[in-house]
Amino acid sequence: MEDNGRDTKLWNMGRKRQKDTKTKRKERQEGKKSKTIPRKYDTFQNRFDIKTGASYSGCMRELLRSVGVAGHREQSRELTLIGRMGRVTIVSSLVIVAAVIGSITSYQVKPANYAKLIEQQKKFDEAFEKEFYVEHTKYVESGERSERLEEMFEHMRHQPDMFRMEMDDHPLPYLTVECTACRALVTTYLTYRRVLGWDRDRIAAQAASTCETLNILTPANCLKIVNKNIDILLYIIDNRPSLTAQTMCGIIFQSGTCVLEDPAFLNWSINVAGGGRPITASKNTPNRAASDIKIIHITDVHYDPHYRTGYNAVCGEPCCCREGQGIPTNPADGAGEWGDYRDCDSPWKAVEDAVRAAARQHPDATYVYYTGDIIDHGVWETTVAGNIVSMTRTYQLFRDVFGSKPVYNVLGNHENNPTNVFAPSYIDRTDFSASWLYDFSADQWSTWLPAATQQTIRQGGYYTALVRPGFRIIGMNNNDAYTFNWWILYDPAYLQAQLQWLHDTLLQAEAAGEKVHILAHIPIGAGTSYRTWARQYRRILDRFWDVIEAHFHGHTHADEFNVFYSLANPQHAINVGFNAGGTVPFSNYNPNYVVYYVNPQTYQVTDYESWYFSLSAANQNPSSAPIWMQLYSFSRDFQLSNVSPASLDGLVRRFASNPTDLHRYWEMKVKRGDPFLAAGCSGDCLLNHLCQIVTNEANDDSKCNALAAIFRNLDDELFNEDK
């Protein structure tokens with residue numbers, strides 16, 4: 001986590017490296033050995049000079065047009081990347097980027113001159129796409145990489161710290177480079193497939209080679225992850241000939257030069273009924289009372305059946321501490337008994353301890369919510385059979401521990417195989433369909449759900465259940481709107497069906513006088529939620545703001561909340577999304593769960609508290625069970641009457657003017673994980689976390705900008721090359 005001062009130093013170091021890049025290039029031309037310039041944080045390069053080389057032939061221009069490269073200029077030229085080059089997690093066929101992205105989600109505040117910078121960046125991307133294709137084609141024909149291609153690969157080589165972050169938490173310069181790399185790599189591979197006619201095996205082998213070159217996974221695991229995804233991607237590419245690199249990268253990144261412009265992906269909508277109570281103010285709720293019911297919220301256990309105590313926790317892959325990765329020479333690099341802060345998932349004993357601790361400490365809880373992600377992050381070797389074993393064991397644990405207490409589940413993006421991909425229901429190829437997961441879930445969840453839920457679960461993994469008179473739960477499968485779900489590229493409009501069902505269900509609930517809790521794995525409106533889907537969801541929320549009482553999320557592993565604002569009246573806070581963090585430490589977190597206090601008449605959340613244990617302390621006493629402690633009681637710790645949308649909106653504005661309170665929130669959000677606390681968070685780091693609370697849709701920066709104006713003035717000099 002960088003503070004504002006550190007960010008300034010990073011950018012200044014980037015400016016310095018601009019000169020170093022030119023010096024090294026000159027020295028190579030003179031046959032001299034380049035000197036290495038030491039840097040504190042080897043992530044950003046300030047400037048990346050690039051010449052397109054000789055003019056392209058008419059044939060080359062046609063190849064580039066066929067894959068959607070815009071603006072084909074013939075002359076040689078030198079362009080400057082103002083957004084700075086760096087190392088990225090993107091590889092050839094987009095496969096690895098989805099596989100390795102981790103969990104923490106935040107926000108990246110944009111500078112005031114961001115639009116101007118993007119216009120400059122577009123010119124650079126155009127040239128980079130062209131040159132990468134030319135250099136890579138030479139390589140596949142000759143078998144030898146040119147010095148120039150080696151340079152380009154070097155700048156695209158991954159930065160391991162990015163594994164544990166969601167895309168919208170990557171620093172802006174890093175995001176800029178990822179977008180550039182995505183467009184170049186996808187353009188190249190689309191051309192190989194559509195124009196040069198490469199077959200499946202050749203595409204897969206070359207993609208795996210790129211994965212290996214960029215040091216994403218071991219060679220064997222690169223091939224595994226590519227083979228898991230390549231058939232789906234080729235099916236989509238072959239059946240959607242108008243699909244361009246710009247659109248594909250625009251879906252994934254939704255920012256920078258990866259701007260989604262295709263009307264087919266922007267202009268679909270659902271039907272929203274008229275009526276509803278007008279929004280005239282922010283929504284209030286009652287204060288906590290002795291009569292409130294309690295709900296336990298557990299999420300993201302990420303059980304890894306391959307976890308082995310003492311095995312390598314610094315294995316160099318996205319998920320460590322696993323058998324097959326060996327026992328390290330240095331015992332300090334070995335996996336802990338109860339989990340590990342490093343990029344590792346949970347051993348079974350830790351999963352079991354967390355569930356039993358929640359039940360033991362809160363026997364008076366009425367319901368349990370579980371918001372997804374049972375399966376581990378070893379995405380290159382998951383199988384349907386293996387996922388079924390892990391999920392069966394976990395659901396049985398819920399039955400054993402909670403007995404007759406209802407447990408309401410939703411699916412995580414890791415539950416399917418391959419990870420993240422949820423095909424439309426009309427795709428009936430067994431190797432593509434998620435029907436096995438939906439049927440399995442319908443059977444497992446039948447313990448807690450009425451028979452009427454079976455149809456929609458088997459159709460798409462979502463359901464609604466009347467919990468008691470006047471109180472309804474809706475369990476969504478919003479993994480279909482995750483930007484790493486490849487099937488969005490095939491048919492974005494297939495997402496309409498579940499959203500329309502949601503609308504119609506809420507309309508019926510309104511007519512019946514019911515109040516609703518919505519469970520969804522991925523935080524609604526987060527940067528990795530497909531923007532058009534998020535906009536349509538906001539239309540639903542505007543219409544049913546007084547029917548929906550709260551949202552409950554997982555996925556990020558951070559103990560956080562999000563305030564939803566009216567689309568039509570953005571000054572009014574109308575709902576809250578609560579995120580229970582996760583019992584998994586992946587990465588840098590302490591395990592936790594959350595307990596909510598809910599008014600039994602309105603079903604509004606009046607207060608909540610989080611429980612956690614120190615992973616460091618637990619691993620220092622491996623033979624003893626972890627000691628669970630209260631992390632916070634929210635209203636008490638922030639001196640609030642309740643946790644209504646109105647109250648939390650006021651708290652957010654307090655955060656903007658009081659960094660001390662904001663820092664306390666950040667400590668709670670990261671669950672006092674030792675690595676986070678050691679790294680610290682101030683300046684822009686805090687502002688990014690603040691903006692994440694109020695962002696309801698990718699690229700909607702209005703709320704963030706208002707808070708930033710209070711928190712600090714953006715320093716445009718960070719992006720000004722002339723100073």
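Predicted model: local features only at pLDDT ≥ 70, side-chain atom pairs only at ≥ 80, totals over all residues.
**Cys319.** I then asked which cysteine sulfur is closest to the sulfur of Cys319. It is that of Cys344, at 6.5 Å, which is too far for a bond because a disulfide needs the two sulfur atoms within 2.5 Å.

**Disulfides.** I counted seven disulfides by that rule.

- Cys211 and Cys222 are bonded with 1.9 Å between the sulfur atoms. I read -75° about the S-S bond, a left-handed link. The pair ties helix H7 (residues 200-213), which holds Cys211, to helix H8 (residues 219-239), which holds Cys222, and the two cysteines are eleven residues apart. Cys211 and Cys222 are both buried.
- Cys681 is joined to Cys685, S to S 1.9 Å. The S-S torsion of this pair is about -105°, so I noted the disulfide as left-handed. Cys681 is buried at a relative accessible area of 6%, and Cys685 is buried at 4%.
- Cys691 and Cys704 have their sulfur atoms 2.1 Å apart and form a disulfide. The torsion about this S-S bond is about 70°, so the link is right-handed. Cys691 sits in helix H23 (residues 684-694) and Cys704 in helix H24 (residues 702-711), 13 residues apart. Cys691 is buried with a relative accessible area of 0%, and Cys704 is buried at 1%.

**Sheet.** I traced an open, mixed sheet of six strands in the order E8-E9-E10-E11-E13-E12. Its edge strands are E8 and E12 (559-565), each of which pairs on one side only. From one strand to the next the twist averages 20°. Inside the sheet, E10 (residues 515-519) pairs with E11 (residues 548-553) in the parallel sense over four bridges. Val516 stands opposite Ile548 of E11. I found helix H16 (residues 496-511) lying across E8, E9 (471-475), E10 and E11, at about 180° to E9.

**Cores.** The largest nonpolar core has 105 residues, and Phe402, Phe561, Phe578, Phe634 and Leu648 touch the most other members. Helix H11 (residues 348-361) gives the most to this core, eight residues. A second, separate core has 64 residues, among them Val516 and Ile518. I also checked Leu648: beyond four places in sequence, its contacts include Phe561, Val563 and Leu640.

**Helix H13.** Is H13 (residues 435-445) mostly covered or mostly open? I found it mostly covered, with eight of its eleven residues buried. Trp436, Phe440 and Trp445 are among the buried ones. The buried residues pack against helix H12 (384-402), strand E7 (407-409), helix H14 (454-460) and strand E8 (463-468).

Definitions and conventions. Residues numbered from 1 in each chain as written. Heavy atoms only, no water. Buried < 20%, exposed > 50% of the residue type's maximum accessible area, 1.4 Å probe, protein only. Contact = heavy atoms within 4.5 Å. Pairing = 2+ DSSP bridges. Axes fitted to C-alpha atoms, helices over the stretch in contact; angles between N-to-C directions. Core = buried A, V, L, I, M, F, W, Y, C linked by side-chain atoms within 4.5 Å.
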